Structures are given as structure tokens and as C-alpha cells.
Amino acid sequence: MCSSRPRGLDTDAILPSGDELDRLLDVACQVALVCGRLIVEDRPARVEFTTKSTEVDVVTVMDRRSEELAHAALRRLRPDDGIVGEEGLDHRGTGPISWLVDPIDGTVNYLYDHGHYAVSVAAVVGDPRVDGGFWPVAGAVLNPAVGDLYRARRGGGAELVRGDVTRLLRATPATGLGLSLVGTGFGYDPGTRGRQGEAVARLLPQVRDIRRLGAGSLDLCSVAAGRLDAYYESGLHPWDHAAAWVVVEEAGLTIRGEAGGPPTRTMTMAGRPEILDAIAAIIV
Ligand code: IPD
């Protein structure tokens, strides 16, 4: 039994069949690829944006276009399913599956034309609107600027596809905290950032180094790929972590909340359990 399964959700009973999981993964990849192509090929010379929760929390015209495209594709391919997206998409389905879509994760990187951003698409069971109340069963995270596609479905392993090359992702050998390269992220609220800055200042002297790369979904997949030893962030949304959650677990690593259980808005941590315990003891 995996500890990241939400309490109160009988995930064994509602886990789709292997064939259905394959179909869900295929749809997740198709949608990520079509949206990824859009945001790269239709990127305007000057990316227009508006702001959301604070003046540094931006949404670009391409976030909205990518979400509209994902919506249309999912309605066509999976008409019975629900869909929740970062930019306000909220469609209630009639079947057991819902989709969590981040049409551009790493929007600030996209705005500044740093090539570390993603489209994240996850199929989940449970209620994607309830923090800790859903469980992802298949997911795709695409960095369209680089061409890296991370993909996984329950029981099928995790893969990184780049062009014609597919690499099976497996947990890398153990590293102690002192030799760990640790990724993290920061929210958009100044008060939250102040607390996150204090926490990372306590951690920095005790690890190999810190990375703030700027796209939570990709950063979590980087742990699965051995590009980071661990990742933690408080405040990540379900669409940031849902698809990567499957990738991390299928790579043989742990993703969890602060004290175990599923990742939530309070905390998302990924890596080896002993490293996560050590990080949690320092940052909380
Ligand atoms: C953000 C990115 C960032 C993380 C923030 C997220 P967005 O998502 O994933 O790395 O630190 O917490 O909100 O706003 O670019 O979709």
C-alpha cells in the first residue's frame, strides 16, 4: 500500500484496468504534446499578460490559449470525464476520471523565455477540487522547449522520452542530505516567500546546493530523472504536482506531504524517504 494514497479513498477499488490506464496515459501525452506545440510555435514576439493573486503572479495569453486547447481536446477524446485547469477551467464529468491540467507550468520562465516550463496533464480518481482528496493514475509532463516528455501510469513504470530515445526512470543510488542537490520553489505572496526564504537559508548550509528552477511539475520529474536528489515546496497546487506524482512514484521514489500522506497545498516533497525526513526536520 502506497502512503501517498489519500485517506478515505479506496484507490484499489477505483483503480482503472490496465487497458484503461494505457488509454489515459496516451490521452495525457497527446494533450500535452498538442498544447506544447501551440505554446512554442504560436509564442508571440511580445507575450501579453495579466496578473492573478499578486502583481508577480502572471497569466499570459498563451496560458489561456493552451488551456482552451486542452479543454477542447479532452472533451473530444474523453467526453465523460471532468476537467480542472489552472486558469479557471472547471468541467464536472459523469465518469470516475477527472483531468488536472496546467497549461503552462513555469509561466514566469515562459514570460522571460527561459526554456524551463511545461504542460502538465494528469488523469485522477477522487475529487481534484479537494486538497488531498484525489489520486493521480496517469500523467504526462512535457517541456516543449527542450522536447522532454515525462510519462507514467500506475504499474507501468516511468519514462523520459526525448525524440526517438526513451529512457526508463529508476531511483538513483542513495545520497545523504549533505551531498543532495535539492530543488525548491517559492509562492507569489511576499509573506509566504519570507518564510520560505528563512527555511531555505537553514537548509542551504546542510546540502550540496539548492536549485530554484521555476516549474514545479518539471522539478518533481527532475527528481525522478536523477537531475535533483529531492524537491520540496509549500503551496504547490494540484495541477502543479498531479502528473509528476505518478512519474515520481513509478520511478521508485516517494512523494508526500510534510509528515507523510499525500502531497497537499501545505507541502509537496519528493525524493528518498530518509532525505525527505531530514529536510522536513530543518524546514518546518
Ligand atoms: C508555479 C511554478 C513554480 C512554483 C510555483 C508555481 P505557475 O506555477 O510551478 O515553480 O514555485 O509555486 O505556482 O504559476 O508557473 O503555473
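## Basis of the values

The model is predicted: local features need pLDDT of at least 70, side-chain atom pairs count only at pLDDT 80 or more, and totals for chains, interfaces and linings use all residues. Residues are numbered from 1 along each chain as its sequence is written, and side-chain values use heavy atoms, with hydrogens and water left out.

## Domains and their interface

Contact (heavy atoms within 4.5 Å) links 46 residues of domain 1 with 30 residues of domain 2. The area buried between the two domains is about 2700 Å², and carbon and sulfur atoms give 63% of this area; buried area is the accessible area (1.4 Å probe) that two parts lose on being put together, summed over both. His116, Asp131 and Tyr150 supply 21% of what domain 1 buries against domain 2, more than any other three residues.

Between the domains there are 2 salt bridges, a salt bridge being a side-chain nitrogen of Lys or Arg within 4 Å of a carboxyl oxygen of Asp or Glu. Arginine 227 forms a salt bridge with aspartate 148, and their closest N and O atoms are 3.2 Å apart. The largest share of the side of domain 1 that touches domain 2 comes from strand 7, with 9 residues. Strands (E, at least two residues) and helices (H or I, at least four) are DSSP runs, numbered from the N terminus.

## Helix 8

Helix 8 spans residues 273–283, and its buried residues are Ile275, Leu276, Ile279, Ala280, Ile282 and Ile283. Buried means under 20% relative accessible area (1.4 Å probe, protein chains only). Seen down the helix axis, these residues fall within an arc of 165°, so they line one face of helix 8; the arc is that of the directions from the axis to the C-beta atoms. They pack against helix 5 (190–203) and strands 11 (181–184), 13 (230–233), 14 (254–256) and 15 (268–271).

## Serine 4

Serine 4 is located in the segment before helix 1 (11–14). This residue counts as buried because its relative accessibility is 0%. Its side chain makes polar contacts with the side chains of tryptophan 245 (3.1 Å) and glutamate 249 (2.5 Å). A polar contact is a pair of N or O atoms within 3.5 Å; within protein, one must be able to donate a hydrogen and the other to accept it, and residues adjacent in sequence count only if both atoms are side-chain atoms.

Note on methods: Buried means under 20% relative accessible area, exposed over 50%, partly exposed in between (1.4 Å probe, protein chains only).
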